[in-house]
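Please examine the sequence and the structure shown below. The paragraphs that follow lead through the fold, its contacts and its surface.

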Amino acid sequence: MIADVLVGLVALIHLYIVYLEMVLWDTPRGHKAFKLTPEFASASKVLAANQGLYNGFLAAGLIWGLYLGEAGFQIKIFFLVCVAIAGLYGAATVGRKILFIQTVPAVLALIALALS
């Protein structure tokens, strides 16, 4: 139960990231969230939308795993590991904040799954 709630939270975080990257990137909210200048946001809008799509696939995989219930255990593990690794890479290349937004929730969900 707790594991699925945490997996759902990670999926929701990624759906929000999709929205930020695909819809809000070139808006004041997107600029604030990612510390962007309007010029950079405009120039990188297509790249951000592509990145948002990948985050959408991560969320979809987690939702798929939740939908399958017990049969989705390995799917949830796979996509949580993907999220954790993506968060580590983002923290190393972009900023430490990503570690706490992506990696920590994914690792907590992985631990909860392992204990369930």
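A salt bridge is a side-chain nitrogen of Lys or Arg within 4 Å of a carboxyl oxygen of Asp or Glu. By this rule, the structure holds one salt bridge. The model is a predicted one, in which local features need pLDDT of at least 70 and side-chain atom pairs count only at pLDDT 80 or more, while totals for chains, interfaces and linings use all residues. Residues are numbered from 1 along each chain as its sequence is written, and side-chain values use heavy atoms, with hydrogens and water left out.

The overall fold comes next. Helices (H or I, at least four residues) and strands (E, at least two) are taken as DSSP runs and numbered from the N terminus. The protein has six helices and zero strands, and its pattern along the sequence reads α-α-α-α-α-α. Along the principal axes, the C-alpha atoms fill a box of roughly 45 × 25 × 20 Å. The radius of gyration is taken over C-alpha atoms, and the globule rule is 2.2 Å times the number of residues to the power 0.38. For 116 residues, a compact globule would have a radius of gyration near 13 Å, and the 15 Å of the protein agrees with this.

The next matter is how far residues are covered. A residue is called buried under 20% relative accessible area, exposed over 50%, and partly exposed in between (1.4 Å probe, protein chains only). Of the 116 residues in the protein, 38% are buried. A109, in helix α6 (residues 97-115), is buried because its relative accessibility is 0%. The C-alpha atoms of A109 and V10 are 8.0 Å apart in space, although the two residues are 99 residues apart in sequence.

Which residues form the salt bridge? D4 pairs with K76, and their closest N and O atoms are 2.8 Å apart. This pair links distant parts of the chain, since D4 belongs to helix α1 (residues 2-22) and K76 to helix α5 (residues 73-93), 72 residues apart. The two partners can also be described by their accessibility: D4 is partly exposed because its relative accessible area is 32%, whereas K76 counts as buried because its value is 4%. Helix α5 also contains I77, which counts as partly exposed because its relative accessibility is 24%. I77 and G65 are 12 residues apart in sequence, and their C-alpha atoms are 8.7 Å apart in space.

The C-alpha atoms of L58 and D4 are separated by 15 Å, and the two residues are 54 residues apart along the chain. I63 is also placed in helix α4, but I63 is partly exposed because its relative accessible area is 40%. Between I63 and V94 there are 27 Å in space, C-alpha to C-alpha, and the two are 31 residues apart in sequence.

The surface carries patches. Patches are made of residues with over 30% relative accessible area and no salt bridge; like charges are joined within 9 Å, and nonpolar side chains (Val, Leu, Ile, Met, Phe, Trp, Tyr) within 5 Å. Accessible areas come from the Shrake-Rupley method with a 1.4 Å probe, and for residues only the protein chains shown count as cover. A nonpolar surface patch of about 710 Å² is made by Y16, Y19, M22, V23, L53, Y54 and F57. The elements that give two or more residues to this nonpolar patch are α1 and α4 (45-68). L53, in helix α4, counts as partly exposed because its relative accessibility is 40%.

Where does positive charge gather on the surface? R29, K32, K35 and K97 come together in a patch of positive charge there. The place of a charge is taken as NZ of Lys, CZ of Arg, CG of Asp or CD of Glu. K32 is placed in helix α2 (residues 28-34) and is exposed because its relative accessible area is 66%. K35 is placed in the loop between α2 and α3 (38-43) and is exposed because its relative accessible area is 72%. Most residues other than glycine have a negative phi. K35, however, is not a glycine and has a positive phi of about 55°.

Definitions and conventions: Lys, Arg positive; Asp, Glu negative; His and termini not counted.
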